[in-house]
Amino acid sequence: MQNIVRMGMNILGGITGVYILLIFIRILLTWFSGARYGKPYDILCAVTDPYLNWFRRFPFLQTRVFDLSPIAALAVLSLVNNIFTTLGRYGRITLGFILALALSALWSAASFILGFFILILVLRLVAYLTNRNIYGVFWRIIDTISQPVLYRINRIIFRNRLVNYLTGLLVSLGVLVILRIGLGLVLNQVLILLISLPL
């Protein structure tokens with residue numbers, strides 16, 4: 001019986017994992033508002049928009065510059081995915097599991113934000129290296145998001161020294177990637193320890 005429950009949880013974890021990917025694709029495609037994608041895009045919207053629209057109802061997730069509701073939607077879905085995959089892997093709930101779940105929820109939100117900023121900086125790097133027209137609306141949005149991150153990281157790393165834009169961009173990207181990978185590895189070890197607690 002326990003094996004059937006674990007298998008069911010693994011299946012649900014796989015389904016929520018695919019749904020997270022679909023929502024992430026949907027969010028990325030909203031950045032290119034003028035493009036036409038046809039029937040596959042309509043199907044994607046029909047599958048993901050009801051879930052995303054539920055989070056858009058909360059006014060505290062909306063700011064003048066950013067709509068934070070997709071981040072909240074992905075964080076909640078990641079939490080649910082973590083519950084399914086953890087139950088599928090270990091088949092039980094303990095105090096350590098609950099602590100691991102809370103820590104995992106925080107990491108889901110933090111890792112998504114780190115991943116988001118990594119993607120933004122990669123896009124900015126590609127635009128810089130390919131001499132794209134950075135005066136379009138899309139690139140202004142990318143700059144609006146990336147500049148505060150670049151400024152803060154470069155201020156910490158370089159203090160008051162001046163560095164050229166490409167160096168600052170590469171260093172900031174490297175710091176975010178190292179943080180994302182390093183914290184992920186540390187967190188995995190902590191989660192394994194918490195889940196194995198016999199409480």
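A residue is called buried here when its relative accessible area is under 20%. By that cut-off D143 is buried, because its relative accessible area is 17%. The structure in which this residue sits is a predicted model, and the paragraphs below proceed from the whole chain to its individual residues.

The protein chain contains 6 helices and 0 strands. Along the principal axes, the C-alpha trace of the protein chain spans about 60 × 45 × 30 Å. The chain has 199 residues, of which 36% count as buried. Its accessible surface comes to about 12,500 Å², and carbon and sulfur atoms account for 71% of that surface. Among the contacts in the protein chain with a separation of 6 or more, 66% are between residues 24 or more positions apart.

The interior may be considered next. In soluble globular proteins, nonpolar side chains tend to be buried together. In this model the largest nonpolar core has 16 residues, and A100, L121, L169, L173 and L176 are the ones that touch the most other members. Helices α4 (95-129), α5 and α6 (165-195) each supply at least two residues of this core. The largest share comes from α6, with 7 residues. A100, one of the residues that touch the most other members, has contacts with L191, L194 and I195, when residues up to four places away in sequence are not counted. Apart from this core lies another, of 13 residues, which includes I20, Y51, L61 and L77.

Two individual residues illustrate how buried positions are surrounded. I120 is found in helix α4. With a relative accessible area of 0%, I120 falls under the 20% cut-off and is therefore buried. Leaving out residues up to four places away in sequence, I120 touches W31, I142, I145 and S146. I145, one of these, is 25 residues from I120 in sequence, while the C-alpha atoms of the two are 7.5 Å apart in space.

F55 belongs to helix α2 (residues 39-56). F55 is likewise buried, because its relative accessible area is 6%. With residues up to four places away in sequence again set aside, F55 touches L61, S69, A72, A73 and V76. L61 is also among the residues of the 13-residue core.

In one of them the side chains of D49 and R26 meet, with a distance of 2.9 Å from N to O. This pair links distant parts of the chain, as D49 is in helix α2 and R26 in helix α1, 23 residues apart. D49 is buried, because its relative accessible area is 16%. R26 also counts as buried, because its relative accessibility is 10%.

The other salt bridge returns the reader to D143. This residue lies in helix α5 (residues 137-158). The side chains of R124 and D143 meet in a salt bridge at 2.5 Å, N to O. R124 lies in helix α4 and D143 in helix α5, so the pair ties together parts of the chain that are 19 residues apart in sequence. Both R124 and D143 are buried. The side chains of D143 and R124 are also joined by a polar contact of 2.5 Å. When residues up to four places away in sequence are not counted, D143 touches R124, P148 and Y165.

Definitions and conventions
Residues numbered from 1 in each chain as written. Predicted model: local features only at pLDDT ≥ 70, side-chain atom pairs only at ≥ 80, totals over all residues. Heavy atoms only, no water. Helix = DSSP H or I, 4+ residues; strand = E, 2+ residues; numbered from the N terminus. Buried < 20%, exposed > 50% of the residue type's maximum accessible area, 1.4 Å probe, protein only. Polar contact = N/O pair within 3.5 Å; in protein donor to acceptor, adjacent residues only side chain to side chain. Contact = heavy atoms within 4.5 Å. Core = buried A, V, L, I, M, F, W, Y, C linked by side-chain atoms within 4.5 Å. Salt bridge = Lys/Arg side-chain N within 4 Å of Asp/Glu carboxyl O. Areas by Shrake-Rupley, 256 points an atom, 1.4 Å probe, with all protein chains shown as cover.
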